[in-house]
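Please read this briefing alongside the sequence and the structure.

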Amino acid sequence: MPASRRRDRFRDPVDPHRSRAALVAVVTGTLVLTACGTTTGPRVEIPEGVPPAPGVPVPAIDVDGPGRTADLLADWAAPIADSTGVGRTAIEAYGHAAAVMARSAPECGLAWTTLAGIGYVESRHGTFRGSTVGPDSVVSPPIRGVPLDGTAGNAEIRDTDGGELDGDPVLDRAMGPMQFIPETWRKWGVDANGDGRTDPDTLDDAALSAGRYLCASGGDLTTPEGWQRALLAYNRSGAYARDVRDAAAAYSVGTSP
């Protein structure tokens with residue numbers, strides 16, 4: 001997520017040209033990979049413009065129920081997963097985050113497609129370098145960025161967590177499928193799958209935490225100004241925002257980027 005001096009893109013392996021976005025910091029990394037899914041059949045026209053379209057509406061669910069309430073979106077997520085090539089658990093996580101934010105911050109208008117666009121750019125929805133997303137949305141093995149040492153266009157961010165979260169006691173690293181840095185995770189991280197832990201390597205938690213940050217940063221994400229403000233807070237790069245927009249727009253019409 002956002003970081004005050006942040007990078008532009010992720011190289012190999014999770015190698016952000018980072019800045020650290022305004023205020024606090026989460027650094028999301030853009031992974032340069034091949035597309036995560038392909039579709040067959042007639043070409044689908046992908047809409048242009050900002051913000052990207054919201055896609056298939058998320059049905060009402062009881063987000064206060066026990067356990068992983070994102071499971072309640074299985075029937076909604078399955079056809080979207082089939083048409084886009086994104087794992088069903090990831091689609092559930094993005095839809096669940098949007099549903100929670102629709103209740104807690106209805107003025108924000110956060111769409112699940114925006115979260116999916118970020119998840120695609122950051123980690124191919126938790127599948128970078130062979131990682132997988134379990135049915136509880138835990139990504140394994142954990143995805144970590146390069147040490148943020150100020151080289152190769154990266155920001156220098158000295159350790160802020162004693163290595164507790166990112167495994168590096170010297171420098172901070174971006175973490176998980178939505179690529180938070182420890183400083184920002186401590187501020188915005190939340191338990192979204194009901195396991196009692198706040199885990200940047202759990203896609204449910206990471207997606208909802210990203211949603212909270214986007215809404216706080218952008219205000220009304222249904223407007224071009226609000227959406228762009230939120231994305232530039234997440235990553236100060238126009239190219240990054242365009243990549244997210246393109247992916248989100250593709251998902252909004254049920255195809256892959």
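What is the mean pLDDT of the protein chain, and what share of its residues reach 70 or more? The mean is 85, and 84% of the residues reach 70 or more; pLDDT is the predictor's confidence in each residue, from 0 to 100. This is a predicted model, in which local features need pLDDT of at least 70 and side-chain atom pairs count only at pLDDT 80 or more, while totals for chains, interfaces and linings use all residues. Residues are numbered from 1 along each chain as its sequence is written, and side-chain values use heavy atoms, with hydrogens and water left out.

**Confidence**
- The pLDDT is below 50 over residues 1-39. Beyond near neighbours in sequence, this stretch has 200 contacts in the model, a contact being heavy atoms within 4.5 Å.

**Helices α3 and α5**
- Helices (H or I, at least four residues) and strands (E, at least two) are DSSP runs, numbered from the N terminus.
- The axes of helix α3 (residues 112-123) and helix α5 (residues 203-218) come within 10 Å and cross at roughly 115 degrees. Axes are lines fitted to C-alpha atoms, for helices over the stretch in contact, with angles from 0 to 180 degrees between N-to-C directions.
- The two helices, α3 and α5, are therefore roughly perpendicular to each other; angles under 35 degrees count as roughly parallel, over 145 as roughly antiparallel, 65 to 115 as roughly perpendicular and the rest as oblique.
- On the α3 side, Thr114, Leu115 and Ile118 meet Ala207, Ala210, Gly211 and Leu214 of α5. By class, this contact has five nonpolar, two polar and no charged residues. Ala, Val, Leu, Ile, Met, Phe, Trp, Tyr, Cys and Pro count as nonpolar, Asp, Glu, Lys and Arg as charged, and the others, Gly among them, as polar.

**Disulfide**
- Cysteine 108 is joined to cysteine 215 by a disulfide, S to S 2.0 Å; the cut-off is a pair of cysteine sulfur atoms within 2.5 Å.
- The bond links distant parts of the chain, 107 residues apart: cysteine 108 is in the loop between α2 (88-104) and α3, and cysteine 215 is in helix α5.
- The disulfide is left-handed, because the torsion about its S-S bond is about -80 degrees.

**Backbone geometry**
- Most residues other than glycine have a negative phi, and most peptide bonds are trans.
- The peptide bond from valine 50 to proline 51 is cis, with omega near 0 degrees. Proline 51 is in the loop between β2 (15-20) and α1 (74-84).
- From serine 140 to proline 141 the peptide bond is cis, with omega near -10 degrees. Proline 141 lies in the loop between β4 (139-140) and α4 (182-188).
- Arginine 124, in the loop between α3 and β3 (132-133), has a positive phi, near 50 degrees.
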